[in-house]
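Let's take a walk through this structure together. Have the sequence and the 3D view side by side as you read.

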Amino acid sequence: MIKIGIDPSINSMGVCVNSDDESYKYFLISSAKHRNMPDWIDQRIYNKENRGKKLHDEDIVKNIDMILDELDTILEDYYDDDVVVNIEGPSYLSKGKASIDLPGLNMCIRLFLYQRGLKVNVVSPMSNKKFATGAGWSKKDAMIEAWRRAEKIDEVSSKVDDVADAYWLSRFCTS
């Protein structure tokens, strides 16, 4: 069985593919190249639409479309019956534009995955943190540190939090 973890975000989305032999492939779908990113994390950069400081709805839709294109390229080898995708659900504590855009992105990704015949589980952010660290209110640094310890990873840049979340989602036990 292959388990895939997805930590959705419009700016920086983590994806981790966990294959049967417990080897992990890491991807970061991002609107900007991050410096000091380990070369074993495949950065997929998309040209984010942005007209000034405020994103318009049309920009959000174009950005989601580009994100889905990158996700499709990453996952095209895994469209079969023996794949489970764990996606982090939206945070209900979000405020402002994030409280609208992130749940919208989340639903678009889920629809995209369902249309490709993949089994999808939604995992709450708190459940993923509790699974990884033992505490549901853990900070990003604790998630990264737990990932580093579990996989014996050397020091990494701070922008790997999305990939660390995706790693734990790929290991999350669902029924």
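The buried residues of helix α5 are Asp161, Asp162, Val163, Ala164, Asp165, Ala166, Tyr167, Trp168, Leu169 and Ser170. That makes 10 buried residues out of the 11 in this helix, which spans residues 161-171, so α5 is mostly covered, with buried meaning under 20% relative accessible area. Please keep in mind that you are looking at a predicted model.

Now turn to the sheet. Six strands form an open sheet with mixed pairing, and their order is β4-β3-β2-β1-β5-β6. At its edges you will find β4 (41-45) and β6 (119-123), each of which pairs on one side only. On average, neighbouring strands of this sheet are turned by 20° against each other, direction ignored.

Let's look at one pair of strands. Strand β3 covers residues 24-30 and runs parallel to β4, with 5 bridges joining the two. For Leu28, the bridge partner in β4 is Gln43. Helix α1 packs on the sheet, where it touches β1 (2-7), β2 (12-18), β3 and β4. The direction of α1 makes about 165° with that of β3.

Where in the structure is Glu58? Its place is in helix α1, which takes in residues 57-75. Glu58 counts as partly exposed because its relative accessibility is 47%, and that class lies between the 20% and 50% cut-offs.

Terms used: Residues are numbered from 1 along each chain as its sequence is written. This is a predicted model: local features need pLDDT of at least 70, side-chain atom pairs count only at pLDDT 80 or more; totals for chains, interfaces and linings use all residues. Side-chain values use heavy atoms; hydrogens and water are left out. Buried means under 20% relative accessible area, exposed over 50%, partly exposed in between (1.4 Å probe, protein chains only). Helices (H or I, at least four residues) and strands (E, at least two) are DSSP runs, numbered from the N terminus. Two strands pair if DSSP finds at least two bridges between them. Axes are lines fitted to C-alpha atoms, for helices over the stretch in contact, and angles run from 0 to 180 degrees between N-to-C directions. Contact means heavy atoms within 4.5 Å.
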